[in-house]
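Reader: Could you walk me through this one slowly, please? I'm still new to reading structures.

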Amino acid sequence: MSNKNKLFETIASVFNTDLDSISEVSSPDTVTGWDSMGMVHLVVELEKVFNVQFDIMEIADFHSVEIIKTVLTEKGVIFDQMPS
Amino acid sequence: MIINANAPFLLPSDIRQHVSEALADTGIVAVRSALKAVRSLPNEQRGKTFRLGIVRTFTIETQIDILTLAMSALPCQIEIKISDLENIEQELLNPASDLLQWKPDAVLVLWRLDELLPALAFTPQVLSHEARLSAILALVERIENLTKGYLDVSDVPLILSTLPLPQTVDLYDLHDGSGRRHAVEKANAVLLNLVAKNPCFFLFDFAGWAAKKGAVAFDQKMDLYVRQPIAASAIEDFSLFLARTLRPIIFPSAKVLALDLDNVLWGGVLGEDGVSGVKISYDFPGNVYRRIQQRVLELKSSGVLLVLVSKNNRKDVDKAFSTLSGMPLKLSDFYEICANWEEKNRNLVKVAERLSLSLDSFVFVDDQAFEREQMQFHLPEVSILQVTEDPLTILNALELTWLFDRFRLSQEDFGRHSDYQLQTQRKELEQNSSSAEAFLWTLELRACLATVNEQSMGRVLQMLGKTNQFNLTTRRHMKADLQGFLNSPKNIILTLSLADRFGEQGVIGLAIAVAEGVDILRVDSFLLSCRALGRGAEDVLWSALVQKASLNGFRLLKTEYLRTLKNNQVSDLFDRFGMERLTSNQNCTEYQLALPCLVKSPAWITVT
């Protein structure tokens, strides 16, 4: 599975929503349950799935899937340029 | 950490595996999936329901699913209601609060210095020594006022957590007599004192857990982000620790420890190595077995009955116990010694019959996998400690097992070993008496009837929670329910104490009858401790209840027998009492009796 799919699947399963509804532009405004408590679940899950640790200020900036993807890339996670 | 192998988990093995993996994973996806699997089980496999209210000073919401999962493994269907942050007094001192109106079975208080005394937790040296001391004093007063006020409005068990040390403790905190450490120690001392004095309070040793877990217990990042201090990596351990703390409120503890002898209580095989060849001493490796014996002796002192089940010749065992020095255990510490060549499960069945105890109150320890498997196969209800041939695993299993956990030791616990030995003497006398009634006359039985009072409250609640076999309705009332019954003067609540020429047995019977209007009295509960069976004590209790109901002007006594897996022996008790059967199906038989009515009490029991 590509890392992009892994990321989308993690977000979809944490917030109990359809995988199809998740995209780079998904954000707390578009995904039900993505509030500060939901973010705690998401951070725990992402740290486990990608074997990374986020800094506290990185979490504060998690305003969209795109930003999470960028932070993960900075931590060495490679996202293929596969068609979504 | 995988689920402690010595925890009492009764779920089917595939679900248990699922739960264990999800707890180790701690991620919400795995936890949700395991919860779904548990919830797909039939209701009877999911255990009792239990409502836990939580008041707290920090965030725990996102971790409740993991706690629910840990509890589900007991098994227990827990429902949790969390109050708003720092709404402790608002919820606990107001009988109309959301939390108390929700009718919880217990309330947990989770707190820490960071919120209780933030100035002392974060900037202690900004305050003067006097200001720090007065802040600590105010905290102590707050805890005392909270607990005192709570008792005025509720008798639901209150589980108070100790305060963990803040993450930062500077050296001067330890030396100036008014620092963070001082505040925490002082508050915890007050909490320990409170639970020692009041049976309504229980302790959740959050501080002890945090100290054992170390720095990895807490996650400063999530603490600052959403005030959720407990680290994701530690939440499984925390949840299991909390489940362990709650378990004795919900489940009765095991009563009997059945122990193998060779390579368990001493090293080596008596039949092969001889008395001089077995290892038990103050030095290694005999000291390991000595420690095992010391632990067993401690369990015995806390009310656990010991049974020896060993494939050995009895005379060899007697000789070894009388010859070997440095043995903490004596043969007289065992309620029964089964040193023979029979299958161990057969021995345990006989012991259970003699004790009038069900086999699910037995815990079995054996270093041989074959013996454990055989026990598991024939008697799946017996709990088996997971050990190996390494004696350290036996010591650890006996030290870490949840099965004997209880919050407080009652007089009955301290005297259980001698109580049951007296019971054996009674049975021997019974076998020597020419008729059953002639035997009962020889016992010189004396019964005392009373209502529930402060002294008997604990024992009555214990009987309501634990009595299975001689229990007509098996209603597990908690203290608040009982208090409710007691508050209405029309209800009749009787306890029965029994004594005979061998000694006192204390409170062994209970009847709760609730008035329904002016004329009707309904028997809600009628139960007898299993150690008082076969003496006619139930007839004394019944006779007294009917007499009192008649005197109080009731015209009709109603009741029912509610069948459980364990109370078959009383399925026709109300028929024997002469009640009229109204309706009957597989689970319930309804009865009534017209009043006034006179029921004879057995002549061989003197009632005072």
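**A buried threonine and its surroundings**

Author: T57(B) counts as buried, at 1% relative accessibility, where buried means under 20% relative accessible area, exposed means over 50% and partly exposed lies in between (1.4 Å probe, protein chains only). Before going on, please note that this is a predicted model, in which local features need pLDDT of at least 70 and side-chain atom pairs count only at pLDDT 80 or more, while totals for chains, interfaces and linings use all residues. Residues are numbered from 1 along each chain as its sequence is written, chains are lettered from A and ligands numbered from 1 in the order in which they are written, and side-chain values use heavy atoms, with hydrogens and water left out.

Reader: Okay, and where does T57(B) lie?

Author: T57(B) lies in the loop that runs between strand 1 (48-56) and helix 3 (64-72) of chain B, where helices (H or I, at least four residues) and strands (E, at least two) are DSSP runs numbered from the N terminus.

Reader: Which residues does T57(B) touch?

Author: Leaving aside residues up to four places away in sequence, T57(B) touches several residues, including L85(B), W111(B), E115(B) and R227(B), with contact meaning heavy atoms within 4.5 Å. The side chains of T57(B) and E115(B) are also joined by a polar contact of 2.8 Å. A polar contact is a pair of N or O atoms within 3.5 Å; within protein, one must be able to donate a hydrogen and the other to accept it, and residues adjacent in sequence count only if both atoms are side-chain atoms.

Reader: Switching to charges: how many salt bridges are there over all chains?

Author: The count comes to 38 salt bridges over all chains, a salt bridge being a side-chain nitrogen of Lys or Arg within 4 Å of a carboxyl oxygen of Asp or Glu. One of them joins R56(B) to E61(B), with the closest N and O atoms 2.8 Å apart; R56(B) is buried at 3% relative accessibility, whereas E61(B) is partly exposed with a relative accessible area of 32%.

Reader: And what about K213(B) and D237(B)?

Author: K213(B) and D237(B) form a salt bridge, the closest N and O atoms being 3.6 Å apart. This pair links distant parts of the chain, since K213(B) is in helix 11 (residues 206-213) of chain B and D237(B) is in helix 13 (residues 235-250) of chain B, 24 residues apart. K213(B) is partly exposed, with a relative accessible area of 28%, while D237(B) is buried at 16%.

Reader: How many residues does each chain bring to the contact between A and B?

Author: Chain B brings 14 residues to the contact and chain A brings 18 residues. The area buried between the two chains is about 1500 Å², and carbon and sulfur atoms give 70% of it; buried area here is the accessible area (1.4 Å probe) that two parts lose on being put together, summed over both. In chain B, T62(B), K221(B) and Y225(B) lose the most area to chain A, together 39% of what that side buries.

Reader: How many salt bridges and polar contacts are there between those chains?

Author: There are 2 salt bridges between chain B and chain A, and 6 residue pairs are in polar contact (both at pLDDT 80 or more). Helix 2 (28-39) and helix 12 (220-226) of chain B each supply at least two residues of the side of chain B that touches chain A, and the largest share of that side, 5 residues, comes from helix 12 of chain B. In a salt bridge, the side chains of K48(A) and D25(B) meet at 2.6 Å, N to O.

Reader: Last topic: why is strand 17 of chain B described as largely enclosed?

Author: Strand 17 (residues 588-594) of chain B has 5 of its 7 residues buried, so it is largely enclosed by the rest of the structure. Strand 17 of chain B pairs with strand 15 (residues 556-562) of chain B in the antiparallel sense over 7 bridges, where two strands pair if DSSP finds at least two bridges between them. Within that pairing, Y561(B) stands opposite T589(B).

Reader: Which way does strand 16 of chain B run against strand 17 of chain B, parallel or antiparallel?

Author: Strand 16 (residues 580-584) and strand 17 of chain B run antiparallel and are joined by 4 bridges, and the two form a hairpin with 3 residues between them.
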